[in-house]
Amino acid sequence: MQTMKRQYQALVVEYLALFPCVVIVGARQTGKSTLMNMVAAERPLFDLESRADYLQIAEDPELFLRFNQQPLAIDEAQLLPELFPALRVAIDRDRHNRGKYLLSGSSSPYLLNVISESLAGRVGIIEISPFSYAETRNIEQPNLLKLFRSDATATSLLREWASYPPQEDNDSLTRYWYEGGYPEPWTENKDRFSEIWKEQYLNTYLERDVARLFPKLNSVRFRRFIELLAGCSGAIINYSNIANILDVSQPTARDYFDIAHGTFIWRTIPAYSKTTGKRVSKHPRGYLRDSGLLHHLLQVPSLGKLLSHPQMGASWEGLVIEEILRCLNAAGIEHSAYYYRTSGGAEVDLILEGKFGLIPVEIKHTQSVNPRHLRGIRDFITDFGCPFGLVVNNDEKVRLYDEKLLGAPFSLLTGGPPANYSR
């Protein structure tokens, strides 16, 4: 199995120099343990899924931390909530000792609540996702991060990228889109293994992770809900419809979405509702976070079938959104993500907001983009005074649609500078 360097590695090292405790969170099997070993292989590692390690700490967490003064790594920390108050005591005893504790935690909204209550101001939290497409190509600083420089404009990016040679690798891109980014299926590269792995992954997620975190949850209904998420991916969430299908109350349907989002299998994206006088949708939209799991739940048997599937556009849209957000998270760029839709039907697929400003992103699977289909993003740029907007497509080169609207191929955005390029 090949080992790929994660984009998060530099961020973990940076956080260890800033905080007494660093916690890596994310879905199961996204490479958290591997990342911990990459940055802290010299530390004693305690895995709380190991009964011996669990009992060693659980008997008296405060005493354990007093007797183990060296830097520690603790995997699957969500299994022992009592550890976090003990960590607060240990950290406050030596507050200026940075990077002493490196923890990981899987699939647990409760874990984040415990961290917020016990370790506020003492901890740096990093959310890790499956491989981004850039990571599968060993690109540490993908071009899309240049969008968030303080001096970035549509024309400056056009000048910088116009001379780039074609970077497309259609086979690897289409494989990544169809298979998703979970490390084990990707590195094994076997179709039969990938299908079996995804089904077993979903079973483990439902029967162990969710059942352990929410023991009173109706497991049959929640399994049905996860299957329904595939059809909801890319759509505005209608809690009433989901509640009717599952024969549950609307509050229960909302809880189901919160659980899926909090366990990192689903991403809920709120509506951008800051008004310019237009009536806008305030309902959230959502996506299954991994395209491979989406296609497995949709029972799409091949890439060829995906290209003619009714969910193809939503699948591509979700892939691009996840790529952007994964790369932003890995780079430690603070941001908020939204979508935008007016009552008149004008829509922007992704709105990114941060210290870099407000950047709208429209996503098209096609190579050629009809300018008439860009009215929504153009109006948004004008209404909110955005520095520029981006259209992600599958074109052969970067294009300037107008002074503030740039079109760029997905392959260019996820690639890096040419080997002989310097700037």
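Mentor: Happy to. On a 1 Å grid over the protein atoms alone, a cavity is a set of points where a 1.4 Å probe fits but cannot get out; a pocket is an open set with protein on both sides within 12 Å along at least five of seven lines; lining residues have an atom within 4 Å of a point. This is a predicted model, where local features need pLDDT of at least 70 and side-chain atom pairs pLDDT 80 or more, while totals for chains, interfaces and linings use all residues. Residues are numbered from 1 along each chain as its sequence is written, and side-chain values use heavy atoms, without hydrogens and water.

Trainee: What makes Asp-290 a lining residue of the largest cavity?

Mentor: Lining residues have an atom within 4 Å of a point, and Asp-290 is listed in that lining, as are Tyr-176, Arg-289, Ser-291 and Glu-322, among others. The cavity holds about 60 Å³, a volume being the space filled by probe spheres set on points joined across faces, edges and corners.

Trainee: How do you know which kinds of residue line the largest cavity?

Mentor: Ala, Val, Leu, Ile, Met, Phe, Trp, Tyr, Cys and Pro count as nonpolar, Asp, Glu, Lys and Arg as charged, and the others, Gly among them, as polar. By that rule the lining has two nonpolar, three polar and five charged residues.

Trainee: And what is the volume of the largest pocket?

Mentor: About 630 Å³. Of its 25 lining residues, the closest to the centre are Glu-127, Arg-267, Asn-329, Glu-334 and His-335. Its lining divides into 14 nonpolar, seven polar and four charged residues.

Trainee: Why is helix H15 called mostly covered?

Mentor: Helices are DSSP runs (H or I, at least four residues), strands likewise (E, at least two), numbered from the N terminus. Buried means under 20% relative accessible area, exposed over 50%, partly exposed in between (1.4 Å probe, protein chains only). Eight of the eight residues of H15, 291–298, are buried, so the helix counts as mostly covered. Its cover includes helix H9, helix H11 and helix H17. Just after H15, Gln-299 takes a positive phi of about 60°.

Trainee: What makes a set of residues a nonpolar core?

Mentor: Such a core joins buried Ala, Val, Leu, Ile, Met, Phe, Trp, Tyr and Cys residues through side-chain atoms within 4.5 Å. The largest has 108 residues, with Leu-103, Trp-161, Phe-225 and Leu-352 having the most contacts inside it. H17 gives the largest share, nine residues.

Technical notes:
Contact means heavy atoms within 4.5 Å.
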